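Hi there,

Here is the structure I promised to pass on. Have a look at it first, and my notes follow below.

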Amino acid sequence: MMDNMDYMITTTRLTKKYKSFVAVDNVSLNIRKGSIYGFLGPNGAGKSTTMKMLLGLTAPTTGSFTIDGKQFPNDRLSILKAVGSFIESPSFYANLTGRENLDIIRRILRLPANCVEDALELVGLSEFGGRLAKKYSLGMKQRLGLAEALLGRPPILILDEPTNGLDPSGIHEIRNLIKSLPGFYNCTVLISSHMLSEIELIADDIGILNHGRLLFEGSLDELQQKAIQSGFAADHLEDMFLSMVDKDNADRKQRAKL
């Protein structure tokens, strides 16, 4: 077990209920400092809800979490200052340029003026900073969303399906960018996806969520070991992920009958 000092984000039995529906069910995550943590699960598994709780956008029903040693909700503002986020498809002012859109956020965050060029540079949008947001392709919009998350180089990034809707070359670019970030400026990344094949190319650690419950948490190596022990080929982790989810769904149906 790692020492708590090595964790950037820990959640303790984090739970979110909407009336009788349990969206997130006693989830305890341990996200190592300086790592890329792949948060994996089918659509509707509760990944976005978990991320929204970490960002203070929705309150946990029960459970708690700490981010960089700070406890929610008391330290909410200082937590938010340390976190850059990309949740669902980001929205921009269509009639402003990419650069102007970022500058609005920069001023709200009270960051120095040079942060905008730095963020554009990080995501490879420098030459398109002067283009109106409505003239941006989908891939460029996703990149502008990432640039927004990267303003001021926050120590923590929470990225919800950042490659959604991108073509293969766009996915490849964003993936390489995200993979380079911890080494580049020593940040910690929590990134969600419903595709293991995408996550396994960038993540150090993986958490698998299904129907709000954490089925697995560990390093990519540990997941490969588990796959081999379960009789799957190590290079076919996706098969094991799908079988874990299927088994959980079957167990869930069985429990519902009892």
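What share of the 258 residues in the protein is buried? Buried residues make up 46% of them, where buried means under 20% relative accessible area, exposed means over 50% and partly exposed is in between, with a 1.4 Å probe and protein chains only.

Some ground rules before you dig in. This is a predicted model, so to speak of local features a pLDDT of at least 70 is needed, side-chain atom pairs count only at pLDDT 80 or more, and totals for chains, interfaces and linings use all residues. Residues are numbered from 1 along each chain as its sequence is written, and side-chain values use heavy atoms, with hydrogens and water left out.

**The whole protein**

There are nine helices and 11 strands; these are DSSP runs numbered from the N terminus, with helices being H or I of at least four residues and strands being E of at least two. For 258 residues, a compact globule would have a radius of gyration near 18 Å, and the 19 Å found here agrees with that. That radius is taken over C-alpha atoms, and the globule rule is 2.2 Å times the number of residues to the power 0.38. Along the principal axes, the C-alpha atoms fill a box of roughly 60 × 40 × 35 Å. Of the contacts with a separation of 6 or more, 67% are between residues 24 or more positions apart, a contact being heavy atoms within 4.5 Å.

**Strand β10**

Six of the six residues of β10 (residues 205-210) are buried, so the strand is largely enclosed by the rest of the structure. D205, G207 and L209 point one way, while I206, I208 and N210 point the other way.

β10 has partners too (two strands pair if DSSP finds at least two bridges between them). Strand β4 (residues 36-40) runs parallel to β10, joined by four bridges, and F39 has G207 as its bridge partner. Strand β11 (residues 213-219) runs antiparallel to β10, with six bridges; there, G207 is partnered with E217. β10 and β11 form a hairpin with two residues between them, and H211 in the turn has a positive phi of about 45°.

**D205**

D205 counts as buried because its relative accessibility is 7%. Leaving out residues up to four places away in sequence, D205 touches R32, S35, I36, Y37, G38, G218, S219 and L220.

Cheers
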